[in-house]
Protein chains: 2
Amino acid sequence: MQKGYRPLGHNRVEITDPLFRHYVDMIAEKVLPYQWDILNDRIQGTERSHCLANFRIAAGEMDGEFYGAVFQDSDVYKWLEAVSYSIESGKGSAFVPLAEQAIDLITRAQQPDGYLNTYYTLVKPRERWSNLREGHELYCAGYLIEAAVAYFNATGSKKLLNAAIRFADLIAATFGPGENQLHGYPGHQEIELALIRLYRVTQDPRYLETARYFIHQRGREPNYFIQEMKQIQNTGIFPELDDFDLKYAQAHIPPVEQRSIEGHAVRAIYMCAAMADLARECDDAKLAEASQALWKSVTEKKMFITGGIGSSGFLERFTTDYDLPNGSAYCETCASVGLMMFGQRMAALNKDASFYDTVEKALCNTVLAGISADGLRYFYVNPLEVWPDICLPHTSMAHVKPVRQQWFSVACCPTNVARTLASLGQYIYAEDEGALCIHQFISSRAEHQGRQGPVRISMEADIVRRGTVRISSDGPVNLCIRVPSWADHPVFQVDGSAFEPEIRNSYACIDLVAAGEILIDLHVSPRWVAASDSVRENAGKTALMLGPFVYCLEEADNGDNLPALILALDAGVRRGESLDCLPGDMPKLEYPGFRFSSGVGSLYGSPNFTLGETSITAVPYCLWCNRAPGEMLVWQKQRL
Amino acid sequence: MQKGYRPLGHNRVEITDPLFRHYVDMIAEKVLPYQWDILNDRIQGTERSHCLANFRIAAGEMDGEFYGAVFQDSDVYKWLEAVSYSIESGKGSAFVPLAEQAIDLITRAQQPDGYLNTYYTLVKPRERWSNLREGHELYCAGYLIEAAVAYFNATGSKKLLNAAIRFADLIAATFGPGENQLHGYPGHQEIELALIRLYRVTQDPRYLETARYFIHQRGREPNYFIQEMKQIQNTGIFPELDDFDLKYAQAHIPPVEQRSIEGHAVRAIYMCAAMADLARECDDAKLAEASQALWKSVTEKKMFITGGIGSSGFLERFTTDYDLPNGSAYCETCASVGLMMFGQRMAALNKDASFYDTVEKALCNTVLAGISADGLRYFYVNPLEVWPDICLPHTSMAHVKPVRQQWFSVACCPTNVARTLASLGQYIYAEDEGALCIHQFISSRAEHQGRQGPVRISMEADIVRRGTVRISSDGPVNLCIRVPSWADHPVFQVDGSAFEPEIRNSYACIDLVAAGEILIDLHVSPRWVAASDSVRENAGKTALMLGPFVYCLEEADNGDNLPALILALDAGVRRGESLDCLPGDMPKLEYPGFRFSSGVGSLYGSPNFTLGETSITAVPYCLWCNRAPGEMLVWQKQRL
């Protein structure tokens, strides 16, 4: 049994929120069918996936050669995981035949000893586990296990779970401290999280132990990756890793000793999530301490205001504290998914709702921005300032795409967004010692197993228009409601009467002894946010937020050359009309400002600065580039 | 005979200017001996050169393997060229034995048919001319020829010239429109400039014709590089060029049709210089028109205020018009050397001094910044804003080094700076139809062959302190003196009397009928410069200039976090004391300003903006990072 918080089952949450229901429904109705077509190479004019074809070839049922990234297998696993959540939440019964078809195929591609990886099986059958740095075998195994657990939870079917268990057993036997075991660990973390989930389902301690081994063995001397590199060099898998550095893969020192988050952002943040999970599961105080330090490192020094992480386009990685370049930022969608996972586990570890401020920041901004409002286009990279003209191939800005893409040769993000949004309920509700924790203000209905039996909860949250949340229950319930950092002196009513709840660890604790209704006025107004002086990039600039939503300027509303727009801090911001045709009834925000001109007609000349009065319109960052392509900008210059 | 302008021989110019004499003397006294040691691998703790060792191995006089870049040979050629200028200007007689030693070695490494390239001779002897895109054989040949011409001019010795001629003859026979000739052209332009110089020395029209062929054949259909790529892929020479694009090497359309400067900055600007040179030499109006268009493209849309060019760190290339990112800029030192060459040739083509504004901009800022004041350290990359903490390996900012380096694995810049500064006289004076053109205000003495016989000219220029230039002649001379764009209503006196010269093509034309003295007051004060509104990066910012010198802020004077410094445009700027221990008696510039604080203690928070009064000190960009390492910034925020 998992310690502490347990998320509600996906069959016990129904999202009704106008913004998020759009996305959750869209995942089931459009995204998963679209992605199935992609995985089967039925969509023209986009990157070839070949993911299922690789399995068919590995199963001996099709001729051909492996195609794709070494981790191509993971795409179908994440699709299966997302499908499982959709099935569990009652939206995906139509997927069952497709899922069964995929699962049958996967199991047929599994090797007799349980090994399962089409790249190594087809391309390098004799080189299993020989290049952990780059090979991604454990990474793919992790997603397989997560999909298997999710599918089992959703359907009770053990077919994929058994395949995953067979592979997990092979992994647990292969890796460990024993003389005949490999003393290695994954080049890309993910298996750790998966093994903990598998442990929670099976209660088999070997899986927890193997996850622990991977975390504690990492970065120890003699360094496994250095030894591995002595055996193989210039593998050709990732040319950009020819001069691989240990920090890239967080293998420079053991994770428990790490205090600064370093290297590839997704690798790092997945590892952190696993560390926090392990710390809770194993009551490991040192791991908890390291998790806390890494949490502070990422959220207090290396995170964009959108919950994006990873400042360097090259190698998708963290750089220096406070180095947060708006235009060239990487901010991979997957990294913000990982930040949600880390925050969720830190909250569970510490029973502290404040971690959900960051979960929410990542969700409401970068993760939602990662997918188009029609579900068929994706951002992999999520900068905070875009000038489409400079997003050119063969340049330092090649990683930034000014419009969402159909698919990617490395397609980790689209399926990661799908599985995250399909399982959104886990970020909203959790049960802990009979109490129901509410972590996100996303309108929904939930079933809770209270101390006195099942109760139905209904939450109506209207954050962006009224700033209110109404929570009703049809029976007694002990509620722990997160008090968000962006609420301005929230006011509570219970059954129409003012109520001052005790606030503990950012939870407002309200024990309803019978059916009743809680009304919270979070006092949400548009607000300006500035950055620490240490963020050189944002000196003299402010960003506009409404609740957890970061707003941005788009060319569609403001014309081009957005960096020339200057605002007055004392300008009143008013909520405007909703964004046409876009989900969530999200208001535009409007305020007076100025358009700067240097007065210089040539490239350089004598300044004749002018500020022309203008009106500025901001829209939610999560919805940008859903109307017309163009410039976008979050951090706006302030008139000083 | 070269048409139009001819630069004075280096034996006819003596630099006396306190700033530039320092560098010119330093080249002869410290830099060339240091570089000789580098080329001989006698300097410890830095990148290995192996340049001369490669020649020894190719000559069969040493065992070993080729080491270095495919263009490693070019380093000794550029060193020889610089040495030649030093010898010609009377500073380098001590180099003659070293030069002879190198020349003898080079000739011994030459193949029987005249071919000369140690990489191909040692590593790929059967693959000559098979990979023009990457092979750099013609590039190295170009530098060989330039060195040979320079050494011949300096010493009259024909040994290297004959070797160069033998190779040039092979090249002229190998490349051309004939059936048995290759219809290719260099992957990196340089040979064109060299062949034109060789033609001017030898008057052999084949060299001019071959240069013309290379320029006119480039980018024609069927595209040679595309054909070549069909033969060879993934050569391994430059992994970053695995998906080579034609624009990178300006081979997308013929140069005569190009109107926008594209691709790798050094390749592009060398090509432009050759186009302008050819247009003049061959009276080619279409090439002149293309040269003019490319000049406007680079100087009006793609040039940093420092005369730096090349906006993308990845592939060292041009990007989009007005994309001029201060921090991530490439601005390779060699590219600004090329811009000087292009400007010099455009001025000669058009007999228009205004092109020298750009030559001067590149020289006085990026090129001088490329070398330390002690001559032993070099910048390859010259951004306009540096935060040392973020210049990390394995990131998008890895190309920026916050301090000058001892040497580079690709070491084109140090020797390019050396040959440029050692031949500085060619940028100051030129003769044309009996007149003496003065293009730079660099104190010096010159001998001019006037219409009535030789005259001695002395120029004392004090631009940064007094803004005055005093030019005296001991005999009659027809002077064409450039009127710089930064002069504010210049006032002329001849022999103490006011004089209003005719201004033609930015030349003040003054015919001294006898010995006399001209005094020009250029009215130089510190001035603020702004950028076009199209340069999004610089909205609301200004740069400070004094004459041609761009000023910058350094941490050494202003503390860290330079982006937080805000200035008031109406602030008075005063000349302060000189920079201690640095050449040129260059004044600091001082003015009042503010230090911005957001008032935010955490990473993000509610703004409480303050501006604290402070004093700001700016120093010449060309001298930055000669005192203490630290932050640097050119474009400063303006209080609006």
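Over residues 436-514 of chain A, the chain is 61% strand and 0% helix. The model is a predicted one. An unreviewed UniProt entry annotates residues 436-514 of chain A as "domain: Non-reducing end beta-L-arabinofuranosidase-like GH127 middle".

Now to the strands. One open sheet of chain A has 7 strands. Their order is β2-β6-β7-β8-β14-β10-β11, and the pairing is antiparallel. β2 (13-15) and β11 (497-499) of chain A stand at the edges. Each has a single partner strand, so one side of each is left without a neighbour in the sheet. Direction ignored, neighbouring strands in this sheet are turned by 25 degrees against each other on average.

Look inside this sheet at one pair. Strand β7 of chain A spans residues 453-462, and strand β8 of chain A spans residues 468-473. The two pair in the antiparallel sense, over 6 bridges. Here A:E460 stands opposite A:R470 of β8(A).

A second open sheet of chain A holds 6 strands. The order is β1-β4-β5-β9-β13-β12, and the pairing is mixed. Its edge strands are β1 (6-7) and β12 (502-504) of chain A. Each of these edge strands pairs on one side only.

Again, one pair shows the detail. Strand β4 (residues 429-432) and strand β5 (residues 435-438) of chain A run antiparallel. They are joined by 4 bridges. The bridge partner of A:E431 is A:L436, in β5(A).

The helices come next. Two packed helices are described by the angle between their axes and the distance between the axes. Helix α9 of chain A covers residues 191-202, and helix α10 of chain A covers residues 205-217. They pack at an angle of about 160 degrees, with their axes 7 Å apart. Angles over 145 degrees count as roughly antiparallel. α9(A) and α10(A) are therefore roughly antiparallel to each other. Their crossing is left-handed.

Which residues make the contact? From α9(A) come A:I191, A:E192, A:L195, A:I196, A:L198, A:Y199 and A:T202. From α10(A) come A:P205, A:Y207, A:L208, A:T210, A:A211, A:F214 and A:I215. By class, the contact of α9(A) with α10(A) has 11 nonpolar, 2 polar and 1 charged residues.

Note on methods: Residues numbered from 1 in each chain as written. Chains lettered and ligands numbered in written order. Predicted model: local features only at pLDDT ≥ 70, side-chain atom pairs only at ≥ 80, totals over all residues. Heavy atoms only, no water. Axes fitted to C-alpha atoms, helices over the stretch in contact; angles between N-to-C directions. Parallel < 35°, antiparallel > 145°, perpendicular 65-115°, else oblique. Left-handed = near helix turned anticlockwise from the far one by under 90°. Contact = heavy atoms within 4.5 Å. Nonpolar A, V, L, I, M, F, W, Y, C, P; charged D, E, K, R; others polar. Pairing = 2+ DSSP bridges. UniProt positions renumbered as here; feature names shortened; annotations may be inferred.
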